[in-house]
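Here are some notes to read with the model open beside you. Take the points one at a time and find each residue as you go.

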Amino acid sequence: MTSTPVRYRPDVEDVKPDEAQTIEGLCETFDTILQTTAENDGHAIRSVHAKSHGILEGTLTIDANLPPELAQGLFAKPGTHTVFMRMSTNAGDILPDAVSLPRGLALKVLDVDGERLPEAEGTTQDFVMVNGKVFQAPNAEKFLGSLKLLAKTTDRIEGVKVAASTVLRGVNKALTAVGIESPTLGALGGAPNVDPLGETYYSVTPFRYGDYIAKFSVAPVAPALTALTGTEIDASGRPDAIRETVQAEMRGIEGVWEFRVQLCRDLDRQPLEDPTVEWNEEEAPFQRVATITARPQDSWDAAQVDAVNERMRFGVWTGLAAHRPLGNINRARNAPYRHSAKFRERFNGCPIHEPTGGD
C-alpha cells in the first residue's frame with residue numbers, strides 16, 4: 001500500500017450544472033425500453049439487467065478484528081446477515097443466452113442498522129456489481145448516448161442480435177489476445193459467455209465507506225466456484241442455458257465468496273468522477289471484510305424467483321448513509337432506478353418492497 005486512505009468529505013464530488021437534464025433524459029430512455037418490453041411480453045421487466053440467471057439465498061459474515069479503516073458502516077462490527085444474490089446479464093430485454101453480455105451481480109443484505117440514505121426505505125443494504133473493473137462511459141451524458149443506442153435495439157428481432165453478438169464476441173477475443181479489452185463491445189454483445197458462478201464482480205463506481213471512500217468487489221473463493229472461472233457456456237439452441245447451468249451446478253455446490261473493499265488512497269490516481277479509470281490494485285489493493293456463503297440450493301426455485309426477481313428492486317441508493325454512492329454516474333442512477341421499479345410495480349400490479357429477516 002502506497003499511502004493512507006483518503007478521508008471522505010462532502011466536497012470530494014464535482015457536481016455539474018447540467019446533471020438534472022441528463023437524468024431526465026435517462027428516465028425518458030429507460031421509459032422507451034420499459035414500454036417496449038412490457039408491450040412485447042405483457043409483463044414489465046427491469047430496464048437494465050432484465051434477465052436473471054439465478055437467485056441465491058446466503059449468509060454474509062463480517063470479519064472480526066478488522067483494522068479501523070475497514071471497520072466502517074455495515075462492516076463496523078462482526079455479525080451475520082441474510083443476503084439475496086441475483087445473477088443477471090445487462091440488457092433491458094429478455095434475450096436468448098446466445099447473445100452474450102457482461103454478467104451482473106446484485107446483492108441485498110438484510111436487517112442492517114444505521115442512518116439511511118435519503119428515500120432509502122426498509123433496513124437493507126444493496127450492492128450492484130458487474131464482472132468488469134471499469135464502466136463503459138466516463139459520465140452520465142456519455143452513458144445516456146450509449147443507452148439510446150441500446151434502446152433502439154430493444155425489440156423482438158432476436159436473430160439479428162444473436163448474429164451481431166457472435167461477430168462482436170470474435171472481435172473482442174481478437175482485441176483481448178493483443179492485450180486490449182473493450183467494455184463497450186462487451187456491453188453491446190461481445191462479452192465471452194462465461195459461467196456467472198466463477199466470475200469476480202466489481203462495483204466499478206466509488207462509494208462512501210464510513211470515514212473513507214471505496215470501491216467494492218465480490219470474488220469466488222470456494223474451489224468449486226474458482227474451478228468455473230472463465231468457463232464458457234455453449235448456449236446454441238438453448239435460450240436459457242446459463243440459468244440451467246447455474247441451477248444444475250448449485251444443487252451440489254456450497255458457494256463461498258469474499259466481499260472485498262478497495263480504499264481510495266489518492267484522488268488523482270483513483271478518481272471519483274470517471275469510472276472508466278481503473279484503480280490500480282498495487283496502489284489501492286482490495287481487502288477482505290466479509291464472506292458470503294450460499295448452501296447447495298435450487299437457484300431457480302419458483303417461490304424465491306417470485307419474491308426476489310418480481311417483488312424486490314436493487315439499487316445503489318438503497319442503504320446506509322455511510323455507503324453513500326459517489327460520482328456522476330452514481331448520482332445519475334438514483335432517479336432512473338426508482339423510476340424503473342415504479343413502472344414495473346404499476347404495470348404488473350405487484351408491490352415492490354424491502355424485505356426483512358422475518359419475510
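This is a predicted model: local features need pLDDT of at least 70, side-chain atom pairs count only at pLDDT 80 or more; totals for chains, interfaces and linings use all residues.

1. Searching the whole structure turns up 3 cavities of 30 Å³ or more.

2. Have a look at the second largest cavity, which holds about 70 Å³ of space. Which residues line the second largest cavity? They are Lys133, Tyr202, Ser203, Val204, Lys215, Phe216, Gln262, Glu278, Trp279, Glu281 and Phe286. Sorted by class, that lining has 5 nonpolar, 2 polar and 4 charged residues.

3. Now zoom out to the protein chain, which has 8 helices and 9 strands. Of its 359 residues, 55% are buried. The chain exposes about 15100 Å², with carbon and sulfur atoms supplying 53% of that area. Take the contacts between residues at least 6 apart in sequence: 78% of them join residues at least 24 apart.

4. Helix H6 (residues 241-250) is worth a stop. Why is H6 described as largely enclosed by the rest of the structure? Because 7 of its 10 residues are buried. Those buried residues are Ala241, Ile242, Arg243, Thr245, Val246, Gln247 and Met250. As for what covers them, the list includes strands S1 (52-62), S2 (79-89), S3 (103-109) and S9 (286-294).

5. Next, find Asp63 in the loop between S1 and S2. Is Asp63 buried or exposed? Its relative accessibility is 15%, so Asp63 counts as buried, the cut-off being under 20%. In sequence, Asp63 and Pro78 are 15 residues apart, yet their C-alpha atoms are 5.5 Å apart in space. Leaving out neighbours within four places in sequence, Asp63 is in contact with Pro78, Arg288, Val289, Ala290 and Thr291. With one of these, Arg288, the Asp63 side chain makes a polar contact of 2.9 Å.

6. Last, pick out Glu258 in strand S8 (residues 255-263). Glu258 counts as buried because its relative accessibility is 16%. The side chains of Glu258 and Arg260 are joined by a polar contact of 2.9 Å. Setting aside residues up to four places away in sequence, Glu258 touches Ser217, Val218, Ala219, Val221, Arg288, Ala290 and Thr291.

Terms used. Residues are numbered from 1 along each chain as its sequence is written. Side-chain values use heavy atoms; hydrogens and water are left out. Helices (H or I, at least four residues) and strands (E, at least two) are DSSP runs, numbered from the N terminus. Buried means under 20% relative accessible area, exposed over 50%, partly exposed in between (1.4 Å probe, protein chains only). A polar contact is a pair of N or O atoms within 3.5 Å; within protein, one must be able to donate a hydrogen and the other to accept it, and residues adjacent in sequence count only if both atoms are side-chain atoms. Contact means heavy atoms within 4.5 Å. Accessible areas come from the Shrake-Rupley method with a 1.4 Å probe; for residues, only the protein chains shown count as cover. On a 1 Å grid over the protein atoms alone, a cavity is a set of points where a 1.4 Å probe fits but cannot get out, and a pocket is an open set with protein on both sides within 12 Å along at least five of seven lines; lining residues have an atom within 4 Å of a point. Grid points are joined across faces, edges and corners, and a volume is the space filled by probe spheres set on the points. Ala, Val, Leu, Ile, Met, Phe, Trp, Tyr, Cys and Pro count as nonpolar, Asp, Glu, Lys and Arg as charged, and the others, Gly among them, as polar.
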